[in-house]
Amino acid sequence: MANSPDFVTHALDLLALLGPVQARAMFGGHGLYARGVMFGLLDDDELFLKTDGACRPRFAEAGCRAWVYVSKGQRMENTSYCRPPDEAHEDAEAMLPWARLALDAALRALAARAAKAAGKRRRGCWRPRPRRYPACS
């Protein structure tokens, strides 16, 4: 799951046209962040970008494969991250549309989580619990 420092630098260069992008170490790999959201990851010197129902068909049409990881002997295949097409891995301009799709997917996920949390607060599902103090004797 480790990434070489050269690959991390290469990935950041590929994504530079998207705007400021950061790579943060996590679980032996790296998460890729822009505009406050994680939109990609680096694993074993490979780049994977976030997808959702809106953009996953574009990745599938281009023959992109999903990120697969192994956790305690189980192979997990249903992830929301896909590897962009090979031609995008050598040219920042070719990577830009794929990176935009991934960033948009991450922003949509953030908006959905925020809307869900706001709905819970409006419906009164969330209330602070009163503190219970032991009886004084």
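This is a predicted model: local features need pLDDT of at least 70, side-chain atom pairs count only at pLDDT 80 or more; totals for chains, interfaces and linings use all residues.
**Notebook: Thr79 and its surroundings**

I began at Thr79: a polar atom of its side chain lies 2.6 Å from the backbone oxygen of Trp67.

Residues are numbered from 1 along each chain, and side-chain values use heavy atoms, without hydrogens and water.

Next I placed the residue. Thr79 sits in the loop between S6 and strand S7 (81-82). Strands are DSSP runs of E, at least two residues; helices are runs of H or I, at least four; both are numbered from the N terminus.

Is Thr79 buried or exposed? Thr79 counts as buried because its relative accessibility is 17%. The cut-offs are under 20% for buried and over 50% for exposed, with partly exposed in between (1.4 Å probe, protein chains only).

I then listed its contacts (heavy atoms within 4.5 Å). Beyond neighbours within four places in sequence, Thr79 touches Ala66, Trp67 and Tyr69.

Last, I looked at the whole protein. I found three helices and seven strands, in the order α-β-β-β-β-α-β-β-β-α. Of the 137 residues, 36% are buried.

Mean pLDDT (the predictor's confidence in each residue, from 0 to 100) is 86 for the protein. Among the elements, strand S6 (residues 74-76) has the lowest mean, 70, and strand S4 (residues 46-50) the highest, 96.

Terms used
A polar contact is a pair of N or O atoms within 3.5 Å; within protein, one must be able to donate a hydrogen and the other to accept it, and residues adjacent in sequence count only if both atoms are side-chain atoms.
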